[in-house]
Amino acid sequence: MKILVTVKRVPDPESSIKVNPEGTGIVESGLKWVVNPFDEIAIEEALRIKEAQGDVEVVVVSVGVSESQEQLRTGLAMGADRAILVKADRPDTAAVAKILVKLVEKEQPTLVILGKQAIDDDSNEVGQMLAHLLGWPQATFISKLTFAGDKASVECIREVDGGMETIAFALPAIITADLRLNEPRYASLPGIMKARKKPMEEIDAASLGVDLTPRVRIKKMAPPPARTAGRKVESVDELINALQTEAKVM
Amino acid sequence: MSNVLVYAEHAHGKLPKATAVAVTAAKKLAAISGGQAILAVLGTSVADVAQAATNLGADKVVVVDNPLLSYHLADITAAALAATAEATGSATVVFAATSKGRDIAPRLAAMIDASIASDITDVNDDGTVVRPMWAGSVMATVELTAAKKVVSVRATAFDAASGAGAPIENLSVTIAAPAKAMKFGSLEETKSDRPVLTEAARVVAGGRGLKSAESFKTVLEPLCDALGAAMGASRAAVDAGYVPNDLQVGQTGKVVAPTLYIAVGISGAIQHLAGMKDSKVIVAINKDAEAPVFQVADFGLVADLFQAVPEMTEKVKALAK
Ligand SMILES: Cc1cc2nc3c(=O)[nH]c(=O)nc-3n(C[C@H](O)[C@H](O)[C@H](O)COP(=O)(O)OP(=O)(O)OC[C@H]3O[C@@H](n4cnc5c(N)ncnc54)[C@H](O)[C@@H]3O)c2cc1C
Ligand SMILES: Nc1ncnc2c1ncn2[C@@H]1O[C@H](COP(=O)(O)O)[C@@H](O)[C@H]1O
């Protein structure tokens with residue numbers, strides 16, 4: 001079995017993000033770049049399937065700038081077998097989905113695991129789009145994945161608004177990882193050494209013959225309305241009094 | 001002139017407030033495109049839901065009664081909505097940005113080759129929409145360039161629409177059942193007598209500071225009940241198994257904006273603030289005076305929660321008497 005895992009290069013979630021003065025993007029200088037946290041979970045899940053089932057190849061793919069190689073190397077260091085970088089200039093979610101279709105057609109994986117959302121654009125779209133474009137079933141926001149005995153179908157538990165939903169389907173399929181699917185491993189030192197020798201293929205998005213015209217255009221970026229700190233209260237009595245008389249919410 | 005279709009989410013015969021909020025955004029979009037806002041109720045035996053839907057301020061309610069839609073799996077629901085949009089002359093489809101809406105909307109967008117914007121917080125007069133990015137650190141104004149458009153709407157960003165008397169029309173559309181279908185197994189619902197987290201006027205949320213599932217029960221729950229509040233939680237509390245996942249508030253959990261939000265034992269990471277910083281009044285109870293949550297709190301109490309919360313519960317109860 002082959003599993004394709006998508007990996008997006010994003011700013012470290014701990015970093016403080018500021019809009020540039022022109023309102024055209026964020027200030028990128030000084031940012032630390034990492035694997036999108038949900039994609040780390042996706043990689044981990046693929047590795048666990050490989051460890052449980054043996055004959056599994058895990059291919060990590062990223063769409064974006066050349067530097068995304070660093071994030072793919074992280075995936076390889078965690079244990080993925082090879083990597084593919086598709087170079088593209090700020091593709092929107094529709095473009096990423098269309099590029100991934102081409103990779104799926106070429107690689108013929110049984111399963112594609114994506115993150116639930118990229119923590120930069122917070123779109124939460126690519127997996128669902130890819131599922132439709134391939135005509136495959138989708139299980140988004142999953143917290144548990146179980147293979148049937150014959151490994152031809154899976155059962156997924158999804159984190160939904162009201163609780164937990166279980167759905168099932170035959171493979172191939174798309175799944176998107178939620179936070180509690182697993183706890184991703186750290187790359188080990190030997191893992192990092194080995195990753196250097198693992199294959200990394202580079203493809204130019206333009207060579208794939210997909211329409212990359214953006215379907216959404218960001219016209220402007222602005223900081224959110226600021227919320228200013230209020231004041232400290234000294235006691236529970238003062239708090240209740242403030243909520244009653246000042247804030248008038250009690 | 002083109003219409004705007006709104007996906008009516010429903011469970012147990014009820015429509016969530018999030019759908020009424022989506023109608024408000026849809027009406028703004030419909031005013032721009034010069035069309036109607038049409039609410040689509042999909043399912044089997046949905047007469048009650050359809051009736052309730054007539055009170056949400058839409059121009060019309062269309063009902064698609066089809067056994068394939070007894071449960072709203074993404075593949076079949078997207079197919080049904082594509083057909084319904086076509087039949088009603090709707091170039092735009094609007095969802096509530098709930099887990100269901102966010103599951104289905106992008107699939108539909110790919111199906112009808114639409115531009116999509118998820119979790120929008122505003123609609124401008126020129127048809128551009130606003131959406132948060134980077135956990136709300138950035139508000140982006142986005143132009144949807146394709147002829148067809150799909151948006152999902154953040155439930156805290158608009159008022160809920162209302163207005164009785166929308167006519168009901170039964171629609172029969174052909175739904176292309178997917179070849180490789182998804183199969184519904186079960187839904188394990190979190191049961192609670194408290195208000196729904198995303199609709200409550202008051203929310204009391206607990207974090208890692210609570211230290212156990214037990215203290216969510218013995219310390220936090222009594223305050224929730226005394227205030228008639230819904231319970232929320234940080235990711236750390238959910239990850240630790242103190243409370244179910246559907247209580248998580250934040251960038252990757254639920255977004256809430258109640259009149260009163262009380263954060264107990266929560267440090268105030270940006271990912272948590274992303275889900276509650278639009279609350280009207282924020283209270284933080286934390287023993288660390290430097291906790292970032294105090295930077296957004298209107299009232300901050302530096303105290304040990306295990307003392308302050310029970311004291312507050314007793315005093316709130318006494319007030320009620
Ligand atoms: C991709 C990604 C997505 C995320 N999404 C979310 C999300 O949606 N929602 C979310 O909440 N987080 C999210 N997080 C996690 C977030 O970054 C924080 O780790 C998390 O919010 C911390 O939870 P906490 O405040 O409960 O725990 P901590 O940060 O550990 O804070 C506990 C607080 O309790 C206080 N405390 C301890 N004991 C007491 C006591 N006795 N009395 C009073 N105060 C006490 C401490 O002073 C401390 O401030 C996400 C992170 C990532 C990377
Ligand atoms: N440029 C990209 N390269 C690789 N994977 C991506 C890219 N953009 C999105 N993805 C994948 O799609 C998931 C959802 O992203 P999004 O829809 O942008 O929130 C992410 O967690 C990634 O797994």
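A salt bridge is taken here as a side-chain nitrogen of Lys or Arg within 4 Å of a carboxyl oxygen of Asp or Glu. By that criterion, 35 salt bridges occur over all chains of the structure. The model is predicted, so local features need pLDDT of at least 70 and side-chain atom pairs count only at pLDDT 80 or more, while totals for chains, interfaces and linings use all residues. Residues are numbered from 1 along each chain as its sequence is written, chains are lettered from A and ligands numbered from 1 in the order in which they are written, and side-chain values use heavy atoms, with hydrogens and water left out.

In chain A, D12(A) pairs with K32(A) in a salt bridge whose closest N and O atoms are 3.3 Å apart. Both residues lie in the loop between β2 (9–11) and β3 (33–35) of chain A, so the pair ties together parts that are 20 residues apart in sequence. Buried denotes under 20% relative accessible area, exposed over 50%, and partly exposed in between (1.4 Å probe, protein chains only). D12(A) is buried at 14%, whereas K32(A) is exposed at 51%.

A salt bridge also links D178(A) to K116(A), with 3.3 Å between the closest N and O atoms. D178(A) belongs to the loop between β10 (173–177) and α5 (189–195) of chain A and K116(A) to the loop between β6 (111–115) and α4 (126–134) of chain A, so this pair ties together parts that are 62 residues apart in sequence. Both D178(A) and K116(A) are buried.

In chain B, R235(B) and D239(B) form a salt bridge with the closest N and O atoms 2.8 Å apart. The two residues lie in helix α6 of chain B, four residues apart, about one turn of the helix. R235(B) is partly exposed at 39% relative accessibility, and D239(B) is partly exposed at 37%. Elsewhere, salt bridges that share partners join K2(A), E57(A), R82(A) and E107(A) into one network.

Ligand 1 lies between chains A and B. An oxygen atom of ligand 1 is 2.7 Å from a side-chain N or O atom of S267(B), and a nitrogen atom of ligand 1 is 3.0 Å from a side-chain N or O atom of D304(B).

The peptide bond from L171(A) to P172(A) is cis, with omega near 5 degrees. D119(B), in strand β5 (residues 115–120) of chain B, has a positive phi of about 65 degrees although it is not a glycine.

Conventions:
A residue is near a molecule or strand if one of its heavy atoms lies within 4 Å of it. A polar contact is a pair of N or O atoms within 3.5 Å; within protein, one must be able to donate a hydrogen and the other to accept it, and residues adjacent in sequence count only if both atoms are side-chain atoms.
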